[in-house]
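This report describes selected parts of a protein model. The sequence and structure come first, and the notes follow.

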Amino acid sequence: MPLDRSERQNRSRPADAPASVRADPAPAVAARPRRPGTAIEGSTGGGSIEGGPVPGAAEGPAAAPVPVVLADIVLADPPPALTAHGCWYPSADPTGDHVAYICDRAGVPQLWSGPVRGGEAHVLDADPDPVTEVSWSPDGRWIAYTSAPGGSEHTRVLVVRPDGTGRQVLAGAEPGASAHLGCWTRDGAALAVTVAQPVAVGAHSGGGHMPQDADPDLAGGPLPEGWAVRDGRATHLGPPAPADRQDTPTPTGTEPGLPQLTPMPARAAVAAPAGAGAAAGAEEAGGRLAVYLLDPDGSQAPVLLFSEAGAASLRVCDIGADSRFVLLRRGPRGRREALLLDRVSGRITFRLPVADGDPWIGRFSADARSLWLRSDADREFAALLRARLDPDGALQALSVAAERDETPLDLLTLPDHGRWALLAWNVLGASELESVGLPGTDGDDRIGPHHRSALPHEVVTRMAPVARGGLFAALSGSGRRPGIWEVSGNFTPRRTGWTASDQEAAPPGRPPVRPVPLRCRARDGLMLGGWYYRAPERDPGRPAPCVIHLHGGPEEQERPVFNPLYHEILGRGMDVFAPDVRGSSGWGRSFVDADLGTGRFAAIEDVADCAAHLTARGYADPLRLAVMGRSYGGYLTMASLVWHPELFRTGVAVCGMSDFATFFADTEPWIARSAAAKYGHPEHDRHLLRALSPMSRIDRLRAPVLAIHGEHDTNVPPAESEQFVRAARDHGVPAELLVLRNEGHDFLRADNRRLYRRAAADWLQQHLLPERSSR
């Protein structure tokens, strides 16, 4: 797949150069032009569903994805394993005897397959492009997966047969396009794929099209009571909706005493005539997302299910057994919602807000008369909801099937028969796994017996159910890299033969450090959480040099899993504190929304409050503090360095945003749509965004900074790091930039990850422990 290799992106040093040799940032550009198609005009709500004829629009249908046949893979013995490697993202064949999964034992995440009871596994795609998602078809004939050429965000969807033959790119092979997986139809005949089309193309006809003026709610209209406002004001945080609210109609059949859940009004999906023109103007210029049903055998033409101009996200999560009803997840961050599309009538029959996090939000029952969803509608924490549907897909009743106090439902999956559900609950960052029986269509809403599993490691990252019973769970823990366990019989996990043992899953030489949970209170009274890692052999009674590491998102959550970066830093004699500042997930919806608009200033103060807590408790040496983070954490690192210039000795900013104006101008259109719902609109909120941008206070920077970026990052383009480093140097502050080749927003290749860890640890050690660095 051709990659966008701009002149700016190629100004980087080879990734295998010594870590001590840094690349100079690109020369500053006084007024970099806005990239076509990334301007955001009007609403921040993710755009409107398109499809009706628009005067002046181009005529003719857009081209559907065209498959590209690739060479077959010859199954061979596994390559030599890395010293420490991981396996994750399992997907089982229909029998449950074989599992396809992602493994990085060859140095890059690749598609593998292996028998459940045996140690022999094979590579199914040996290309160097990292694999990110896997899905085995229900009929067992195909394995679908997503790969990222060059590590970029322009991903593509491929399929291959279990024996390595028939490999082809289904979608995303066109220049500038991107694609990711949806679900298979229940019979395995077709795969739903979302395709990002960044340029103006003609329209399609189909049941999922709506003219732009048909659905003001989908274009960022009024939100239900209790939702935070994320429009141009971007400053209002509404209170959680009361559970006993009396002004909301109760759906027929709702149990007394349950929260009165509020599905959003359904809207008609107006079919566009064949050959109708596409929407023109800013929405179309910003690109769109379209969902197709694709037949890997090539016997059926692609079928368009749904299309949205200027979309922030769109994924098909399930298709009913008769293929009439389609469950979609769409919307920007913080405003995700489930849509139920009736392909017969062409209508959206049901809508409900759903939680951020895992995109696989739910599934239909076998008869499509119930929809099981992981949702935080009208509640602080995501729970398992049951939506009873009439034969036309309209809502009859909505109820809570399973919930826990102050504990969100993290993952949900069901086998096709729908007789039970597999639930993973997030308990202060760790996971609790259970299987529950589900009631029939005409029964009550009480779920059946619970079967809970005692997990050998702390966190479940993915689950793959098996129809005959049980599941495959990808587990991570503070003591090992990810692995895959079979959970069957008495619901006791058993490690698969090709998953590394605990002794082989972590680098040799020293055992991993198990973190301890740590809570601290922000200056406005909000309680923050996090995990503290103490360096081996360090005297617990003496304050230590400490690195505050900030995760991305900001809706991500710090979990107690083995982090090779922390392992490297701890081995150099520095402690690590990894907090969840406001905006993080896992602590309730109000906590996630607490950083919206002007609340982001408080998130920056949270970092300083964490540092104050560590020093007050005697954990950290106040004269040897550093701040580091990736993605949003990289932004927060830059912001902390310029808002609190005397607090930190140094900082390491990884793939961070330094100026919201240039970020919105250069990022992918659909990423900009979603980011606007979280940070603010680049036009309506431009004054707020400028005030929040680290570049606006660069003259206050005092601490040396290292910036690290992937050369193919189109999520947060490398110019964000380049301009920060250039400006720091212009103000006399030591600053260096490391650009990693063939990497995007996530660093996926073993050699680059190793270089990244060592460069960051070298920099931190140089400034926090100079006496060790000089030896």
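## Strands, a helix and backbone details

Strand 20 (residues 383-389) and strand 21 run antiparallel and are joined by 6 bridges. One of the pairs across them is L385 with V400, the latter in strand 21. Both strands belong to an open sheet of 4 strands in the order 18-19-20-21, with antiparallel pairing. Strand 18 (362-364) and strand 21 (395-402) are the edge strands, each pairing on one side only. On average, neighbouring strands of this sheet are turned by 20° against each other, direction ignored. Two strands count as paired if DSSP finds at least two bridges between them; the angles are taken between axes, which are lines fitted to C-alpha atoms, and run from 0 to 180 degrees between N-to-C directions.

The model is predicted: local features need pLDDT of at least 70, side-chain atom pairs count only at pLDDT 80 or more, and totals for chains, interfaces and linings use all residues. Residues are numbered from 1 along each chain as its sequence is written, and side-chain values use heavy atoms, with hydrogens and water left out.

The protein has 11 helices and 38 strands, which are DSSP runs numbered from the N terminus (helices H or I, at least four residues; strands E, at least two). Of its 775 residues, 63% count as buried, meaning under 20% relative accessible area with a 1.4 Å probe, protein chains only.

Helix 2 (residues 564-571) is largely enclosed by the rest of the structure, because 6 of its 8 residues are buried. These are L565, Y566, H567, E568, I569 and L570. The buried residues of helix 2 pack against strand 32 (527-533), strand 33 (544-550), strand 34 (575-580), strand 35 (620-630) and helix 10 (750-768), where contact means heavy atoms within 4.5 Å. At the N-terminal end, N563 caps helix 2, with a side-chain oxygen 2.9 Å from the backbone nitrogen of L565. G573, with a positive phi near 95°, follows helix 2. In the loop between strand 33 and helix 2 lies P554, and a cis peptide bond with omega of about 10° joins G553 and P554.

Most residues other than glycine have a negative phi, and most peptide bonds are trans. Two residues other than glycine with a positive phi are listed below.

Key: Buried < 20%, exposed > 50% of the residue type's maximum accessible area, 1.4 Å probe, protein only. Polar contact = N/O pair within 3.5 Å; in protein donor to acceptor, adjacent residues only side chain to side chain.
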